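Good morning, colleagues. Please look at the model on the screen while I go through its packing and its contacts.

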Amino acid sequence: MILNILIGIGIAFFGFVLQTSIAGINRKIVGRLQKRHGPRWYQEFIDIFKLLSKRSITHGWIFDFGVIMALGGIIATAMFMPLTNNFLAFENFDNFFIFVYLIAVGMLGMAMSASGSGNPWASIGVMRALTTMLAYEVPFLIVVLTIINLTGNSSLTEIMLYQQASGNNWFLIALPIGGLVGFIALMGMLGKKPFETYVAPAEIASGPMVEYGGKQLGMLFIMNEISAFIEVSLFVHLFLGGATNIFEFLIKYFVVYTLANLISSVNGRFKIDQVVKFFYKWPLIMAVTQAVIAIYFGWVI
Amino acid sequence: MASVELLILFLVGAGVIAYILTRFNTFLGSIFTIFAVMFVFVSLAGYGFGMNMDTTVNILPGISFTETYLGFYFAIIIVFVYLMVSFFHPYYLSEYKYKNSYNLLFLLSLAGILGAFYTDNFLNLFFFFELIIWTTMFLIPQGKSKEAAVSYFGFSIAGSVAMLIGIFITYNVSGTFSIYQGLAALSGTNAIFVFVLFIIAAFAKLGSFPLHIWLPIAHGNAPHPFSPVLSGALVKLGAFIGVLALIRIAPATGLFTAMDLPIGQYVVAILGSMSIVFGTLMAIKEDDAKKLLAYSSMSHGGYILVAFSILNGIAFAGGFYHILAHALASAGAFMAIAAVARATGTTKMKELGGMIHKMPITYLAYLIAIISMAGIPPMGGFISKWLIFQAVIDKGMIFVGIAVFFGSVGSFLYVFRPLAALFLGQELTEYKKVKEAPLLMLIPTFILMGLNVYTGVFPGGILKFINNIIVELGYTGIEVSTYEINGTNGILNPALIGLIFAVGSGIAFLIFIVLKKSRKVELMDTYTAANFVHDEHLLHYAVDFYAPLERLYEKQSNWMTKFYTALAEKVRELGKLGKYLFMSKNISTTVFWIVAIIIFLLWGEVL
Amino acid sequence: MIQYASIILFVIGIYGLFVSKNVIKMIVSLNIMEIGLNIFIISIGFVGGGAIAPIISSTQDLGLIFVDPLPQALVLTAIVIGVGTTALALAFAKTIYKTYNTFELDEMEESA
Amino acid sequence: MNAVLLIVIPLLAAFISIVSKKIAPYLLLVVGLFNIVLLFFLENGLVFIGGFDVAMNSDLLGISLLLDTYARMALWLINGLILVIFCLNFKSYKAFSSILLLAMAGLNGLLLTNDLFNFFVFLEISGIAAYLITSANKKPVSTFRYLVIGAIGSSLFLFGVVVLYAMYGTLNMIVMIQAIQASGNYAEVILPFTLMFIGLGVEAKLLPFNAWVKGVLGHSNTLTGPMIAGVYAAAMSFVLGRFITNLFVFEGSLLIVVTVLLALGILAGDVMAFSSTKTREILLFSSIAQASIVALLFVNGVIIWAVYLIIANALSKTVMFLVINKATKDVGSDESEALRGLFVNNKLVGLTFTLVTLSVMGLPLLAGFVIKLNFLTQLAGIGQIVLIAIILVASVIEGIYFVRLIVKLWYPGESEISVKYNYSFKAVFIVIALALLVFGTYSTPLTKLDNTIDTVMEVVNNG
């Protein structure tokens, strides 16, 4: 058991390092997009460690307890994440719903400490974050319902093996509309540009993050990176057939994250009720049609 | 060998003694009530788990008991909720108008509940139901509004009357009043009639979609210590009838090919999912904390209905476990709100804020309760939601799936609203001198916190007991080992999740401790973009918490209330028409009716 | 034949009640109805072939055909009862007139 | 010691009381007690008056009275209630004692007589007594309306009796039933039965014929309310029950029309009560609904539980009307808004009123529930699911408007009202409420009696 926990922590740490570096590389790519060089690839690491070393303020015990709970929840979720179809910390306990709901613990921790800080911007930011979650969660879960119904198993490794088995191909191809909905939901989860209303720097002073500084802000950055890692690797395992070896995983991971980042950098920002209206119009209809096609008619490419 | 009949008689006797004691001094009377309920709980738990309650009847005329796992499961949960709530009585009863009748009615309704879950005869079931209805009906008007009792009574009576008609149809078909033979003997169209009638009764008591108007009114306005009982315990009666209808009768209506589910069950599932969606939407909009929790009970009632309408072991396990998890969670949440309401006098989120600073333990109790209510891992709610998701996905029910997922995410929103608006945020000046709830009231909060965590991390024992129920109902149970639950398409190890969450938090705590200690700053000193704000009311974001979301469905939110008021108006107009037709002042109408009847009768025969 | 006449009288009485709004007219039509009824009762007891009134006199009482005496007795009581009710009705009519000084039912402003 | 004393003594007392006004009330008390005591000693069976007892074996000439447990229970209830109501109204309505004596004689006669014409006579006597009692309401127009409709009803009844006499040549109920069973020709019997049913329907407050009820009970006071709604309603229901179970032969279209009328009566009664805000109107419409339920039970042959329902209703309506009328007299208006918070400072009266209302609604722990459950089981036994549904839907509506009333009465509005109930009122309320509670919880004595309490059929079959 201790060995599994250590592997889990290793995976979480690897996830953090992987995501932060890829985020750094993406900042260079987006920089290039905007005709400038963009910072060094390890800029993200520098920001985080600079913040962790600074002394900052706290608004009471709930303010700190929330941050700890948030980071703890996210690390716990990352520990369950399988990297390739045979490398994961806890054998056949990587159920899909653990990820969806353990992330919620992280969100709850952050939300609690944000509204505990007493700043109205933070509460409004949390409100927007929850509303966006409500928006992207349902279509995403409908598509996942189709996937689990087809594979007959809700553990990620089984889904990966199902996609890698001969004869059937990745769900991105097998359920094209589902894959698209999954990607849009991923954009929502990552908080990339069209759905970035809850950390909108201009409108609500970067939302929940407004009162943080120093180590609290640093921990929240780490939390943000690891949750990005979880969400992107979820997408990779569910729709791109996971990975047989670590390099395949890295390549797929990089492609997906960069694509999401590129789309985000050219987009504007939705108002919060536009986000909800958008998600409950097109993605939901596409998810339901995909589900009906896949489950009732059984047409899976 | 505790006998059910003696427990009921003991409760009635205790009720009368409590009446006299509370007349003499409320504190004493309430303490006596606590011990009375504790005695019942202990004797029930002691003998009940081993299924050796003595069910012989020698005093009560015409009443017969039988012991079933199903009945015991419901009884033990509800008696436990009663016990937890009775700890609150000493502090609340003093300001009610008819306080000495409060304990009496409280114990009488408990006697009714014990009887209802242990009887095997339909008429006794109806007798105990009606007893519960009218005893609880008199408790509700002691709270804020008086109309709450009328709408509560109206819907409950409509439900139990529908059940009674169903009972008489079964009596007509099977000739016996015994629940189990009676329901087994049903078939064909009779089965469908009785099924529909029982479902109406279940919906009325559970407060599900079409008949949910009374839930927020009754729970919101009931006296503070009584709403946990209302939503934690009494709503489960509806679930009990739902189980009878959905599992015992399960009429063989036409099969829904895609999901091999009888149409009757699927319709109930759809209605259940509609009550999930509407409950969530209405809860997000609600400003009064207790009404918000009432709507959450409505949406959880929807979950229970969906679980029981999918005919397989996993769904039943999810449903039964959800009954337990919801009972604990909503009781805990309501009691926390009751503690806040006692200290501040209001449950409106507009007028509250920053209660965490003065009532931290109540805050913790509320936090753990809402984590379980939202179905987030370390707590019990997650297990039952996971089981229900397994069943829904396995059956491939897409539209029910949408509602179930929407409900689980939406519950995260509406449980967070009181947390942020009521407990966190700025600390308002008028509540600076508020004290934490007294010790006696904290005992149940601690117990409930512990139980919520226990049901979330070690569900093995409870699920094994639930397996007995499922086997008793005639379906195969789920395989549960000490730490793992394996559903149809996945294995879950809640203990492991709890452990890993602890490990994660440990790491985060380590990071936090290692780094420099941050300077404590009081709440008013926040980033306000350079304009000076001196009043914390302005800085407290509580009113219209989800404004952008609420604007989306503003107009359609009170369709149902308008429908029922229109219905009541129609009945009143019918009455006026009746008065005009038959009760007019001049005599000619009576003469007209007499002549009309004679002519009508003689038309065919003599004329 | 007499039975039809009595039934017509009865129906006239009912029609009177149906139409009239005046208290006195109602009492009158009530009486007409009762008279019609009494005549009907009498006509029930009629026996053909020259039967005579059921009065046994001292002179010749053997071998005579009497009309059925029972309805006759009933009618006596029915008439007495009719008188009783009418007397009571008139008493009420007096009090009505004293309080509302009109006999028209719909002119009185008393509630239902 | 023969049953006719029950009629003659009150009649005699009525005439004496007219002569000397002073001793009239005490005379009433004595006669009332005498009647109740006498009832213990009388044994069941046919009683002949008018010297025709030798005709026992021939074709039963002369007027006969039938006393069986059915009639005995009815008489106990009627005489007891009249006595109680008069004692409560002793001071205010002393002058009405002679009328009450007349009413007692009429009602006892109604319940005992076995002769159809004699029945018409007693119907008229009790009718006249009723008109006089309602004159205490000081509303002459509604009393007059009651008189006219009552007169129409009784003349229609007489019409029916005479037609039956013309067909079967006898007026004695038992011989009549034997003759009808012998002839078995259903078509000709429709006219008289409808006429008699309408005649009785007027007095028993069945739906289309009870326009007078709203006027009379709407303005009732502590004497007329209980008397009309409690005593007269119970007596008429007993008599209606006796006729429906034995004499009337309901088949085909007559049965359909009667059942439809009664079902409509139940629903319309409750719906009208739901729509009214005056407390007395709520009570009178609910008593109309209860009367229709009783009639419906008799039509379907559920005798014993219908009798218990009549008794329970009579007691409960007496209590309710007493409480509300006394409150209306003190407060001045019977609007439920005006009576808000009536029980705040007289809790005992409030408690008894609530228990009684719960019994009328048929909620557990009270006699009403046991009765309702049993008569519904019997109806289910004979497969009348539609009727059960109608009765239960009506009871839902009834439950709602009664709860609305109780909640209003218990919880005060802005204005505080003070209503004083003296001890005799409270004593009667407690006794009745306790009786309902005891019979509700411990209901075995109710099940001892059964449908054979009405022995008319027995006498018909074996002479």
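This is a predicted model: local features need pLDDT of at least 70, side-chain atom pairs count only at pLDDT 80 or more; totals for chains, interfaces and linings use all residues.

In helix 5 of chain D, the residues D:Ala130, D:Ile133 and D:Thr134 meet D:Thr224, D:Met227, D:Ile228 and D:Tyr232 of helix 10 of chain D. Sorted by class, this contact of helix 5 with helix 10 of chain D holds 5 nonpolar and 2 polar residues, and no charged ones.

How do the two helices lie against each other? Helix 5 of chain D, residues 116-134, packs on helix 10 of chain D, residues 224-247, at an angle of about 150 degrees, and the axes are 9 Å apart. Angles over 145 degrees count as roughly antiparallel, so helix 5 of chain D is roughly antiparallel to helix 10 of chain D. The crossing of helix 5 of chain D with helix 10 of chain D is left-handed.

Helix 13 of chain B, residues 289-309, and helix 17 of chain B, residues 398-423, pack at about 160 degrees, with 11 Å between their axes. That angle makes helix 13 of chain B roughly antiparallel to helix 17 of chain B. Here too we have a left-handed crossing, of helix 13 of chain B past helix 17 of chain B. From helix 13 of chain B, the contributors include B:Leu292, B:Gly302 and B:Tyr303, and among those they meet as a group in helix 17 of chain B are B:Val404, B:Tyr414 and B:Arg417. The contact of helix 13 with helix 17 of chain B comprises 10 nonpolar residues, 5 polar and 1 charged.

One bridge partner to note is B:Leu492 in strand 5 of chain B, which stands across from B:Ile485.

As for domains, the assignment for chain B gives domain 1 as 121-502 and domain 2 as 555-604. Their C-alpha centres are 40 Å apart. In the contact between them, domain 1 of chain B and domain 2 of chain B each supply 4 residues.

Which element of chain A gives the most to the side that touches chain B? The contact takes 71 residues from chain A and 60 residues from chain B, and helix 5 of chain A gives the most to chain A's side, with 16 residues. By class, chain A's side has 44 nonpolar, 21 polar and 6 charged residues. Strand pairing also links these chains: 2 bridges join strand 1 of chain A to strand 6 of chain B, residues 519-520, and the two strands run parallel. In this pairing, A:Ile57 is opposite B:Arg519.

Chain D likewise touches chain B, with 49 residues from chain D and 46 residues from chain B. Helix 16 of chain D provides the largest share of chain D's side, 12 residues. That side divides into 36 nonpolar, 10 polar and 3 charged residues.

Thank you; I am glad to take questions.

Note on methods: Residues are numbered from 1 along each chain as its sequence is written. Chains are lettered from A and ligands numbered from 1 in the order in which they are written. Axes are lines fitted to C-alpha atoms, for helices over the stretch in contact, and angles run from 0 to 180 degrees between N-to-C directions. Helices (H or I, at least four residues) and strands (E, at least two) are DSSP runs, numbered from the N terminus. Angles under 35 degrees count as roughly parallel, over 145 as roughly antiparallel, 65 to 115 as roughly perpendicular and the rest as oblique. A crossing is left-handed if the near helix is turned anticlockwise from the far one by less than a right angle, and right-handed if clockwise. Two residues are in contact if their C-beta atoms, placed from the backbone, lie within 7 Å. Ala, Val, Leu, Ile, Met, Phe, Trp, Tyr, Cys and Pro count as nonpolar, Asp, Glu, Lys and Arg as charged, and the others, Gly among them, as polar. Two strands pair if DSSP finds at least two bridges between them. Domain bounds come from an automatic or database domain assignment.
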